[in-house]
Amino acid sequence: MAVKVISDQCIGCSACVGACPFGAIIMENDKAIITEACTACGACVDVCPVGAILREVEEKTVAVDKNLYKGVWVYIEQVNGHIRNVSHELLGEGRKLADAMGQELAAVLIGQDVASLTKDVFASGADKIYLVEGTEFKHYSTDGYTITMTDLINTYRPSVILMGATNDGRDLGPRVACRVGTGLTADCTNLGIDEATGLVAWTRPAFGGNIMATILCPDHRPQMGTIRPKVFKRPEQDFSHTGEIIKVASKVKPEDIRTELIEVIQACTASCNLEEAEIIVSGGRGMCKPENFTLIEELANVLGGAVGASRAAVDAGWIPALNQVGQTGKTVGPKVYFACGISGAIQHLAGMSSSDIVIAINKDADAPIFKMADYGIVGDVLEVIPALIAEFKKLKAAN
Ligand SMILES: Cc1cc2nc3c(=O)[nH]c(=O)nc-3n(C[C@H](O)[C@H](O)[C@H](O)COP(=O)(O)OP(=O)(O)OC[C@H]3O[C@@H](n4cnc5c(N)ncnc54)[C@H](O)[C@@H]3O)c2cc1C
């Protein structure tokens, strides 16, 4: 879409300048000029008293035959021969989509010596696996994996592709979508089927998390999206379930990969691996000052868990953004979630409400967090957490 000024008709009233929310219109020689800052929102069109501004809708250049695209694919993310949890979660959800669409569920497994992982992938529900192996896939590379995924899509034409919204998935997804000429809904928090169209309905927070947008991809194929880890539960695995393996030869040449992995630096230790953690201890503004976060770390340590935080604690600079749980942070689903000095704002709950057990510690008995907590302790975190640490230490020593 584009916005244009018909210069001959412009009377130089500058009404459009004030109406533009992006400051994208300037006046030159008494004529309105649209600058590069224009987002084509069209706010200027209606305010022009002489109809000198037009919003042009570009002709769609779509020519894909959608009937040629069939099946739901899940990209299997593996690191050093270990499949990430999110890939299993997506196989579970992909199974539901595939069944609802009456199509098959396939997985894409790329790596070096990863054939042994196929059993695990079938057990989570895949009917078919596209397996691409080679030494060039020892480590994830944007170039190598993009070429391979693009080639697979162009050859086998899936209708839907699900990827984890992880560092690798967020890198690979958009690049592949661009190569195959389709759109991608990033960072989804829910999936479904749009009843009216039968298309995949991709839901994600929009406008800074203030609304949830549901996005369809009506004109292009495949329909692609990245989905946050822990949004869906990992399916029960059935190791008697098996399927077809399609081995595909790699088309990646050494010179295609323009980057070289020199060293892996572990920036995130177990304590901040929130997506995979079974126990999370999170602290909020109620921890009162940054030094008190050592209590959160100590409790997490004793329990072998990870450290989380509310946005208030992150914004205060008490803990890195990497640890933030919530709508604009990480979505987590541990077995046990401790919310310490966290009020329970809706944006925080959005990231942790699928936890199995929530234990809240708050000095305000009316704090909203208690409405959804399984166990609540009304008290000062500075007294309750040290007591918990001491008790858990005793229990551990006794066993
Ligand atoms: C678009 C948008 C996105 C957002 N995204 C996120 C997000 O991803 N994650 C997130 O967490 N928030 C997010 N927020 C912010 C959210 O609305 C809340 O402001 C935030 O979660 C509050 O953090 P808190 O509970 O730590 O602080 P507060 O709401 O200030 O609560 C502090 C709590 O600590 C208790 N307390 C105080 N002292 C003690 C003590 N000594 N002992 C025990 N309890 C004590 C108080 O009673 C209170 O309940 C977002 C907001 C917006 C608008």
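Modeller: Here is a chat about some of the terms and the values behind them.

Modeller: Keep in mind that this is a predicted model, where local features need pLDDT of at least 70, side-chain atom pairs count only at pLDDT 80 or more, and totals for chains, interfaces and linings use all residues. Residues are numbered from 1 along each chain as its sequence is written, and side-chain values use heavy atoms, with hydrogens and water left out.

Biologist: Then why is the pair of Tyr 140 and Tyr 145 called tilted?

Modeller: Their ring centres are 5.0 Å apart and their planes are at 55°, so the pair is tilted. The structure holds five aromatic pairs, and Trp 73, Tyr 130 and Tyr 156 form one aromatic cluster.

Biologist: Why does Tyr 145 count as buried, and what does Tyr 140 count as?

Modeller: Buried means under 20% relative accessible area, exposed over 50%, and partly exposed in between (1.4 Å probe, protein chains only). Tyr 145 has 3% relative accessibility, so buried it is. Tyr 140 comes out at 23%, so this one counts as partly exposed. Phe 137 is buried too.

Biologist: How do you know that strand β15 is largely enclosed by the rest of the structure?

Modeller: Five of the five residues of β15 (residues 223-227) are buried, so the strand is largely enclosed. Gln 223, Gly 225 and Ile 227 point one way, while Met 224 and Thr 226 point the other way.

Biologist: What makes β10 and β15 a pair?

Modeller: Two strands pair if DSSP finds at least two bridges between them; the strands themselves (E, at least two residues) and helices (H or I, at least four) are DSSP runs, numbered from the N terminus. β10 (residues 160-164) and β15 have five bridges, in the parallel sense, so they pass. Gly 164 has Ile 227 as its bridge partner in β15. On to β11 (residues 184-188): this strand and β15 pair in the parallel sense over three bridges, with Thr 185 opposite Gly 225.

Biologist: Why are β18 and β21 said to stand at the edges?

Modeller: They belong to an open, parallel sheet of five strands in the order β18-β17-β19-β20-β21. β18 (306-309) and β21 (375-378) each have a single partner strand, so one side of each is left without a neighbour in the sheet. β17 (residues 279-283) pairs with β18 over four bridges, and Ser 282 stands opposite Gly 308.

Biologist: What do you call a pocket, and what volume does the largest one have?

Modeller: On a 1 Å grid over the protein atoms alone, a pocket is an open set of points with protein on both sides within 12 Å along at least five of seven lines, where a 1.4 Å probe fits; lining residues have an atom within 4 Å of a point. The largest pocket has a volume of about 1,600 Å³, a volume being the space filled by probe spheres set on the points, which are joined across faces, edges and corners. Its lining has 50 residues, and Glu 77, Val 79, Arg 84, Asn 167 and Asp 168 lie nearest its centre.

Terms used
Phe/Tyr/Trp six-rings, centres within 6.5 Å; stacked < 30°, edge-to-face > 60°.
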